[in-house]
Amino acid sequence: MKYDIILAGVGGQGILSIAYLLDHAAIARGLRFKQAEVHGMAQRGGAVYSHMRISDAPILSDLIPEGHADMILSVEPLEVQRYLNYLRPGGVVISNDEPVKNIADYPADGLVDAALMALPRAILVDAAGIASAAKMSKAQNMVMVGAATPFLPFQWAEFEPFVQRLFGAKGDHVVQANMTVLEAGWRVGAFAKELLDAGVSSALVGRFLARLQPMTLDPAAARGYAGVLEGVRAQAFLATEGARVACDTALLNTLSA
Amino acid sequence: MAERELLLGDEAVALGAIHAGISGAYGYPGTPSTELFEFVQGCAEAEGIHAVWSANEKVAYEEALGMSFAGKRSIISMKHVGLNVAADAFVNSGVTGIHGGLVLCVADDPGMHSSQNEQDSRYYAKFALVPCLEPADQQEAYDMARVAFDLSEQTKLPVVMRIVTRLAHSRADVVTGDRSPQNAMNPLADTFNFTLLPTIARVLYQRLTDKQPDLEARSERSPWNVLLDGPDHSRGVIVNGIAWNYLGEAYEGRIPYPVLKVGQYPAPVAKIRALLEMVDELVILEEGYPFLEEMIRGVTGVHGKRIRGKLDGAVPRCGELTPMIVAKAMGLPVPDGMAPTLEVVPNRPPTLCPGCGHIDAFAIIKAALAPWGDVRMFGDIGCYTLGYYPPHNAIGSCVDMGASISMASGAAHAGMHPVVAAIGDSTFGHSGMTGLMTAIRENTPMTLVILDNGTVAMTGTQKTMCTGEDLVNIVKGLGVDPDHFKIIEPHRAKAAEQAAILRAEFEYRGTSVVIARRPCVQMKRKGG
Ligand SMILES: Cc1ncc(C[n+]2csc(CCOP(=O)(O)OP(=O)(O)O)c2C)c(N)n1
Ligand code: SF4
């Protein structure tokens, strides 16, 4: 069993806090891990990445070989593009959808998301929306950890002791609020995983998720939507704009009728 | 008692040194070595270890040598180019030898993630005729650091530990062992060894060369130099340090060829010969320069054997090794990997932080220089080196710490005018003072701008030695003409007035100094 993850982002986004949680969860499970970080020059608002390897067997290389990564986990959507050569066939991309436009030639709106949606297995996460809905706008990285969890050998609740270590000094409510957004991220990731596994395209999953309230997502019910999303009613629903709706039996009935 | 800890390679070396009973840690910040010292610093008080950053690497090395004289153990850490600065002390300490164990951990940066070059410190160890250890992973980093102190005291020599960026900055779990107490105070009674007058140095240099067969014998039986057999003798492989991991990765741990894994120098020549005899072709995979490869090839090559490596292009000469490069060199198929799905992926280079005082300083300096056209400053090493890039276009050189001042002086000697140098407060303390003293004595027509942001920002906001009033006093003490010594707090709002102050100094045909003082925003964020 092995999980090779490329963590990507922009200097200052704190990708090492994500690495911290994944590392410690791996160690707590008795797994081996290696994590190559980037320090120094690259941190001043430049592209940053980390190679994370988790395995039940000893790990040799600190770097992931090209074409071997099981996941690219990015806290910025453009950054994914720099590391696609590492992704293995069938690997998944999980990216925050919020751009960091600190360069003059940042691609035009829409292009970056469209390029990600063209990938066979990609999940764009509205981490900013989820985090600010919980009044935790700085906790976008926690959302991303949650979204990645369904693809890793962890349960989302396992992160609590390490979230406690990171934020415990700020009080219990801060720890709990971080766990809430982490769970919301997990719901998004797990729900999307079910749909992708059922053969729904990244683009369709993305459009569907964009209409749903994250905390109402029940991964166990996700497969029920796989068959109906191509239908006329679902397409009509996706074509409308408007507030996010609850993902419940009423919605499933509406879409499948 | 054995425990498992999550450690960066840097931290593994640090913990190994602590467990070996060091009494001191010395160093000057530099990526990728910084976290080694910082780890010791974090527990220095509890452990009773002296750990305060030094002004530069030479000072650090000499302080450690003093601790060794007193009979105690210490570790020195620096980045590879730091050893150029400490080289005088280092090479001579091979001749003096040591008393208390002394280990120099130097972090090389193949691929130049944050450095000016990718020099390979194994050459320095060979130059100084001292042993060198090179770990392949975090566990070896910890284990070797402990053993290095014993090796140092047994051979009475400084021991070099060479690590590289991908080990220094990679985290893994490490099993730790027992701890040794610190050495008791035991100053060297016979000072003959440390007094390198020529008559004495001749004796000591002879002694150093006489030690070489013992060092070679130690390398031959070292557990870090292992010759592993494999079923297929058509080819053999030599790897150093982390190259071992990439080779193992390429064959998923089952390497079909005999392999010599090198982790201790001087190079184990008998083992190299034994491997060569076994195989038809030898592939040398080195993280760093082709150090072993040059030695093995010699001038004439090895008769009847094909040698492959960096010198025949089987492995790229420049940059760091990767699993892919190693797999390719071994002739294994490598996946193409997915192409970007976006037509153009723009680069995202590092930039100065929003609100960084250097930004305003550059704007004001460029405005002051405008009458002379698009003049750039002789620059130095720090965050401000990023002033090379647009929109600043302010910095025009970056060579080595302190070079801004001396290069500006040389250009002024040649007749260039105006000549402006820019240096950070820490770099000034590291290597700038002597250059400025020289310029002042000659009244060389140049202006030095010292960008005092109150910290060693580039490497992570460590404590600087030359800031605020201390810096002012140092500059005054070097003898600058008080009429041509100005202090400004660069700010956009005062740009016109401050540019005028600077321009007057640029026009002046003598040595002038301007301190541009504004705190680093990252330092302020961290509460410094
Ligand atoms: C000989 C040597 N030692 C260490 C370094 C690593 N290094 C690069 S920049 C820097 C600090 C510069 O600090 P300062 O001059 O105060 O500038 P700032 O980054 O604060 O703007 C250091 C230590 C180096 N490049 N060369
Ligand atoms: S770390 Fe400090 S000195 Fe460096 S760019 Fe940021 S604000 Fe400027």
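Let me begin with ligand 2, whose shell divides into 7 nonpolar residues, 3 polar and 1 charged. In that count Ala, Val, Leu, Ile, Met, Phe, Trp, Tyr, Cys and Pro are nonpolar, Asp, Glu, Lys and Arg are charged, and the others, Gly among them, are polar.

Two remarks on conventions. This is a predicted model, in which local features need pLDDT of at least 70, side-chain atom pairs count only at pLDDT 80 or more, and totals for chains, interfaces and linings use all residues. Residues are numbered from 1 along each chain as its sequence is written, chains are lettered from A and ligands numbered from 1 in the order in which they are written, and side-chain values use heavy atoms, with hydrogens and water left out.

Ligand 2 lies between chains A and B. Its surrounding residues (a heavy atom within 4 Å) include Arg44(A), together with Cys353(B), Cys356(B) and Cys520(B). His358(B), Cys383(B) and Asn453(B) are also among them.

Which atoms make the polar contacts, defined here for a ligand as pairs of N or O atoms within 3.5 Å? The side chain of Glu57(B) places an N or O atom 2.6 Å from a nitrogen atom of the ligand. For His358(B), a polar side-chain atom is 2.8 Å from a ligand oxygen, whereas Cys383(B) uses a polar backbone atom, at 2.9 Å from an oxygen of ligand 1. The protein covers 97% of the 590 Å² of accessible area that ligand 1 has on its own, by the Shrake-Rupley method with a 1.4 Å probe.

Finally, the backbone. Most residues other than glycine have a negative phi, and most peptide bonds are trans. In chain B, cis bonds join Thr31(B) to Pro32(B), with omega about 5 degrees, and Pro390(B) to Pro391(B), also with omega about 5 degrees. Asn443(B), not a glycine, has a positive phi of about 50 degrees.

Terms used
A polar contact is a pair of N or O atoms within 3.5 Å; within protein, one must be able to donate a hydrogen and the other to accept it, and residues adjacent in sequence count only if both atoms are side-chain atoms.
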